[in-house]
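Reader: Can you walk me through the ring contacts in this one? Keep it short.

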Amino acid sequence: MPSLQYKIFSSLLSKLPLYLRIQILYYRRFRRLCNFSSPQCFTEKLQVKKVTDRDNLLTVAADKIASKLFVKELVDDIYIPKTLWSASSAEEIDYLNLENLPVDYVYKANHTSQTIEIIKDSKHLSKSKMKALAKVWLKHDQSGSLGEWAYENIEPKVFIEEFLDFGGKEPDDYKLFVYHGKVHFIQLDSDRFLDHKRNMFDRDWEDLGFSFSHSRKLPIPPKPPFLDGMIEIAERIGANFDFIRVDLYWYNSRITFGELTVYPGAGFEKFPSIEWDRKFGEPWKI
């Protein structure tokens with residue numbers, strides 16, 4: 001839970017003009033000012049995107065329900081987890097028949113992150129608990145203090161999604177950085193809820209040799225046989241954006257959609273050096 005001090009700071013910060021707000025946050029994180037006039041770093045270009053890019057497609061990408069429909073229109077050969085039920089208010093939960101749900105499923109919100117409950121073996125949350133969560137989740141504004149505009153116009157919903165069973169293990173999460181329709185880098189997250197590891201590669205699966213917020217998995221995971229298919233799908237999706245991160249899984253021998261990430265780490269995730277920050281920014285022409 002965020003501390004009271006953090007909540008006060010965020011509340012005060014959210015009242016400032018967006019440009020000034022981001023500049024304060026950027027300096028606080030990196031101990032340098034964000035170069036808005038001639039951005040070179042990946043983290044700088046993400047901040048510029050927050051301030052200047054108002055493409056409505058970003059709202060679709062950030063919406064965890066709408067993005068699935070968007071991707072399905074573009075790509076036939078991908079598995080997309082099913083949305084089983086959705087609601088725009090907590091009161092609609094009163095009409096939900098829990099007995100009609102599968103034994104395993106996921107309860108989450110479409111307009112924000114870290115709002116998720118995994119239900120296993122028909123151990124349903126009570127409706128009062130679901131409603132309490134919904135009331136908190138539906139009030140949350142992801143576009144607030146960090147300036148993530150793409151979330152601002154999403155109609156907040158809670159929804160129930162198909163649970164993907166990876167044999168009781170946390171699946172490997174392939175995050176492809178797509179610039180102007182071309183994958184340049186790939187982030188692999190492994191064992192996220194046990195001992196989170198992260199490896200960074202170029203599009204040819206050449207290890208980039210640095211740790212990024214988490215330690216690397218060693219030995220280096222070999223190139224998966226389905227990687228070329230993931231790249232092809234990510235580039236079809238990414239052709240609609242100047243930059244987007246396409247998050248995918250390998251499930252039941254199929255490439256499976258995770259989500260689209262407009263602002264990875266809200267633009268505040270630290271590279272090990274400013275040189276790597278620039279290398280990740282270089283393919284992005286703003």
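Predicted model: local features only at pLDDT ≥ 70, side-chain atom pairs only at ≥ 80, totals over all residues.

Reader: How many aromatic pairs?

Author: The count is 30. Rings of Phe, Tyr and Trp (its six-membered ring) pair if their centres lie within 6.5 Å; planes under 30 degrees apart are stacked, over 60 edge-to-face, the rest tilted. One of the pairs is F42 with F243, edge-to-face, at 5.3 Å centre to centre and 75 degrees between the planes.

Reader: What does the pair of F42 and F243 tie together?

Author: F42 lies in helix α3 (residues 42-52) and F243 in strand β8 (residues 243-251), so the pair links parts 201 residues apart in sequence. Helices (H or I, at least four residues) and strands (E, at least two) are DSSP runs, numbered from the N terminus.

Reader: Is F42 buried or exposed?

Author: F42 is buried, at 4% relative accessible area. F243 is buried too, at 0%. Buried means under 20% relative accessible area, exposed over 50%, partly exposed in between (1.4 Å probe, protein chains only).

Reader: Which residues do ring pairs link into a cluster?

Author: The cluster includes F42, F177, Y179, F243, W276 and W284.

Reader: What lies over the face of W276?

Author: K279, at 4.4 Å from the ring centre. The rule for a charge over a ring is NZ of Lys or CZ of Arg within 6 Å of the centre and within 35 degrees of the ring normal.

Reader: New topic. Which residues of α5 are buried?

Author: S67, K68, F70 and V71. They span an arc of only 160 degrees around the axis, so they sit on the same side of α5. The arc is that of the directions from the helix axis to the C-beta atoms. On the other side, L69 and E73 are exposed.

Reader: What covers the buried residues of α5?

Author: The cover includes α4 (56-62), β1 (83-87), β4 (158-162), α7 and β9 (254-261).

Reader: And what does V71 touch?

Author: Leaving out residues up to four places away in sequence, V71 touches I78, I80, I237, F257 and L260. Contact means heavy atoms within 4.5 Å. V71 has 0% relative accessibility.

How values were computed. Residues numbered from 1 in each chain as written. Heavy atoms only, no water.
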